[in-house]
Amino acid sequence: ELLDSLSMIVRAGEHLLISGPNGVGKTAISRILAGLWPVYRGLVSRPKNIGQDGIMFLPQRPYLSPGTLRDQVIYPDGHVDMREKRKSEVELQRILEEAKLGYLPDREGGWDTRKEWKDVLSGGEKQRMQFARLLYHEPQYAIIDEGTSAVSSDVEGLLYETCKEKGITLITISTRASLKRYHTFNLMLGMGDNGDEWEFERIGTEREKMQVEKEVQELRERLAEVDELKKRRDEIELELASVWTDKGDSLAAPEYAQKGEEAEPQKIQPEQEQETATEDGEDEEFEETEERLDAVAA
């Protein structure tokens with residue numbers, strides 16, 4: 001059982017963001033909404049058609065069909081379907097421009113080029129390609145399951161705005177907080193102590209603004225601690241690199257710890273200088289005594 005006592009309607013133009021931690025069933029819900037998984041309990045009412053006036057599902061890992069570059073844009077349509085819809089390569093080029101892929105026909109050798117597209121396109125290009133399909137079919141609803149995880153935030157925003165301008169109602173499954181600005185409602189899963197509760201609220205309410213302000217304040221407080229932590233880290237590293245005597249004096253680090261760097265000069269206090277001079281004098285007297293003993297023995 002994914003959700004208990006959830007009843008809602010996603011009306012045209014009211015975009016829904018489904019968020020929550022990993023493992024709470026976000027992807028399972030998206031597959032049920034898209035009709036990929038059956039419903040054993042409860043009721044899900046959705047458009048039956050795929051494409052225009054219907055519903056489309058965009059997974060995190062797009063499927064790239066065998067065929068030409070044209071086939072990648074119009075999938076699951078074929079060339080004949082495209083002609084019946086009175087679509088042309090000029091319109092396909094415009095769609096690729098909107099999906100920020102306008103360079104592909106020139107780069108890959110034209111619309112009739114056949115390649116293993118899953119090996120040719122990058123992760124971000126694959127996800128933008130399925131947005132191109134979305135703009136080609138212009139469905140009534142689009143379910144996007146982490147469909148922009150490999151796309152930069154600026155391009156992501158342009159794709160969402162373009163879809164909304166086309167009249168496509170978006171149902172997005174994502175953990176990106178930046179996507180809230182493109183949606184009307186937020187369904188949050190994994191709430192409560194046991195993670196089996198949910199919350200449904202309109203985005204932009206006073207409560208949400210207060211939560212955001214609280215989060216911003218917490219981040220500012222944490223950033224303020226960064227300088228203090230860096231300072232304390234430097235102090236600890238300095239202490240670890242020092243050598244201490246039983247008198248509490250700091251000596252230069254040994255050669256093996258200096259790693260080729262020149263050791264810091266040893267700081268000697270006036271009292272230490274006197275002690276050192278006395279020790280040197282005692283060493284000289286000891287050497288003279290040894291020389292005399294050697295002479296007597298000879």
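Leaving aside neighbours within four places in sequence, which residues is Ser30 in contact with? They are Phe57, Ile143, Asp145 and Ile173, where contact means heavy atoms within 4.5 Å. This is a predicted model, so to speak of local features takes a pLDDT of at least 70 and side-chain atom pairs count only at pLDDT 80 or more, while totals for chains, interfaces and linings use all residues. Residues are numbered from 1 along each chain as its sequence is written, and side-chain values use heavy atoms, with hydrogens and water left out.

**The chain overall**

- The chain holds 11 helices and 8 strands; these are DSSP runs numbered from the N terminus, with helices being H or I of at least four residues and strands being E of at least two.
- Of the 298 residues in the chain, 33% are buried. Buried means under 20% relative accessible area, exposed means over 50%, and partly exposed is in between (1.4 Å probe, protein chains only).
- Take the contacts in the chain with a separation of 6 or more: 62% of them come from residues 24 or more positions apart.

**Helix α1 and Ser30**

- Ser30 sits in helix α1 and counts as buried, at 0% relative accessibility.
- From C-alpha to C-alpha, Ser30 and Ile18 are 9.0 Å apart in space, and in sequence they are 12 residues apart.
- After α1 comes Gly35, with a positive phi near 85°.

**How α7 packs against α4**

- Helix α4 (residues 89-98) and helix α7 (residues 123-137) have axes that come within 9 Å and cross at roughly 130°. Axes here are lines fitted to C-alpha atoms, for helices over the stretch in contact, and angles run from 0 to 180 degrees between N-to-C directions.
- α4 and α7 are therefore oblique to each other; angles under 35 degrees count as roughly parallel, over 145 as roughly antiparallel, 65 to 115 as roughly perpendicular and the rest as oblique.
- On the α4 side the contact is made by Leu92, Ile95, Leu96 and Glu98, and on the α7 side by Met129, Ala132, Leu135 and Tyr136.
- Sorted by class, the residues of this contact of α4 with α7 are 7 nonpolar, no polar and 1 charged. Ala, Val, Leu, Ile, Met, Phe, Trp, Tyr, Cys and Pro count as nonpolar, Asp, Glu, Lys and Arg as charged, and the others, Gly among them, as polar.

**How α7 packs against α8**

- α7 also packs with helix α8 (residues 153-165), at an angle of about 10° and with the axes 11 Å apart.
- That makes α7 roughly parallel to α8.
- Arg128, Phe131, Leu134 and Leu135 of α7 make this contact with Val155, Leu159, Tyr160, Thr162 and Cys163 of α8.
- The contact of α7 with α8 has 7 nonpolar residues, 1 polar and 1 charged.

**The nonpolar cores**

- The largest nonpolar core has 33 residues, and Val73, Leu92, Met129, Phe131 and Leu134 touch the most other members. A nonpolar core is a set of buried Ala, Val, Leu, Ile, Met, Phe, Trp, Tyr and Cys residues joined through side-chain atoms within 4.5 Å.
- At least two residues of this core come from each of β2 (55-58), α2 (69-74), α4, α7, β3 (141-145) and α8.
- α7 gives the most to this core, with 6 residues.
- Another core, of 12 residues, lies apart from it, with Ile18, Ile143, Ile173 and Leu187 among them.
- Not counting residues up to four places away in sequence, Val73 touches Leu92, Ile95, Leu96, Trp111, Met129, Ala132, Arg133 and Tyr136.

- Most residues other than glycine have a negative phi, and most peptide bonds are trans.
- The peptide bond from Tyr75 to Pro76 is cis, with omega near 5°, and Pro76 lies in the loop between α2 and α3 (79-84).
- Arg86 is not a glycine, yet has a positive phi of about 60°. Arg86 is in the loop between α3 and α4 and is exposed, with a relative accessible area of 74%.
- Glu146, also a residue other than glycine, has a positive phi near 50°. Glu146 is found in the loop between β3 and α8 and counts as buried, at 17% relative accessibility.
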